[in-house]
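Dear colleague,

I am handing over the structure below, and I would be grateful if you could look through it before reading on.

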Amino acid sequence: CFVLFASIRPMLAYYGGGYLRVSHNIYDESDFSSTHKHLTNVGQNDNKSKTLKQLEDEKKEPKIEAVTSFEDWVPELQRYVTQERPDLFAADSPQRADPMLHIQSQIKHAISTAISAYYESIVKSDEHAENEFAWMGADFIIDENLKVWMTEMQTGPGMGHEEFIAKKNFSRKMVPTMIKLVEEVTNKQLLMLQGQKKAAIKSKRMDMTKNMKSSDFLPLENVGAFDLIATDQYSYRYELMPN
């Protein structure tokens, strides 16, 4: 998943969605004959967890796409919670009605919690610039109870691997919006600074941006599919977080 910091000072952090990595093997804790069997690193998964005959046989059949969109898995999740695991959620619960929303809400909650924990450090890291933006990644694992576990956040998430259709489509959808969103924040900030003396020294301009609040910028028009999850005055919370 991805996070856009459209502004560091003031804090404007947006959840940008993401994609799923799927293993080509069924997860089975009773069989660890191959340590590569359950990896979602497809190169490792394919080449080291199967025999040569299995690999040759699979070349004759359509292959599961290793990287897929969240939307692709909505029907499978609905089948899972209604047929395989009807015990997970009450029949009239919002989690049963939209299990994908349940998953993504947990993801947003986890990311906003991480941002809150490091808020002071993030803002201080920007003290030598008038403002900055950042594009970060976050990795998660979803267990059999549809509980989401964060494994890491990344300051330099990969946007390559264009051979995967889901990643290509995601990049083409999100990057243009990201640019427009950052540009809108920048233009609003410049307008707020217009009334100041042209000869103002940089340190004074920095002090001025420090006094700006997220409420001075919101709402933004070019948010597209981005969801606001953290500001200097707000942190997203999901009320149905599992224990």
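What follows is a short account of the sheet, the helices on it and the nonpolar cores.

This is a predicted model, in which local features need pLDDT of at least 70 and side-chain atom pairs count only at pLDDT 80 or more, while totals for chains, interfaces and linings use all residues. Residues are numbered from 1 along each chain as its sequence is written, and side-chain values use heavy atoms, with hydrogens and water left out.

Five strands make an open sheet, ordered β6-β5-β1-β2-β7 with antiparallel pairing; strands are DSSP runs of E of at least two residues, helices runs of H or I of at least four, numbered from the N terminus, and two strands pair if DSSP finds at least two bridges between them. At the edges lie β6 (148-154) and β7, each of which pairs on one side only.

Helix α5 packs on this sheet and touches β1, β2, β5, β6 and β7, where contact means heavy atoms within 4.5 Å.

The largest nonpolar core holds 29 residues, and those with the most contacts inside it include F5, I107 and I229; such a core is a set of buried Ala, Val, Leu, Ile, Met, Phe, Trp, Tyr and Cys residues joined through side-chain atoms within 4.5 Å, with buried meaning under 20% relative accessible area (1.4 Å probe, protein chains only). Helix α5 contributes the most to this core, namely five residues. A second, separate core has 20 residues, among them F170 and L193.

With best wishes

Methods:
Buried < 20%, exposed > 50% of the residue type's maximum accessible area, 1.4 Å probe, protein only. Axes fitted to C-alpha atoms, helices over the stretch in contact; angles between N-to-C directions.
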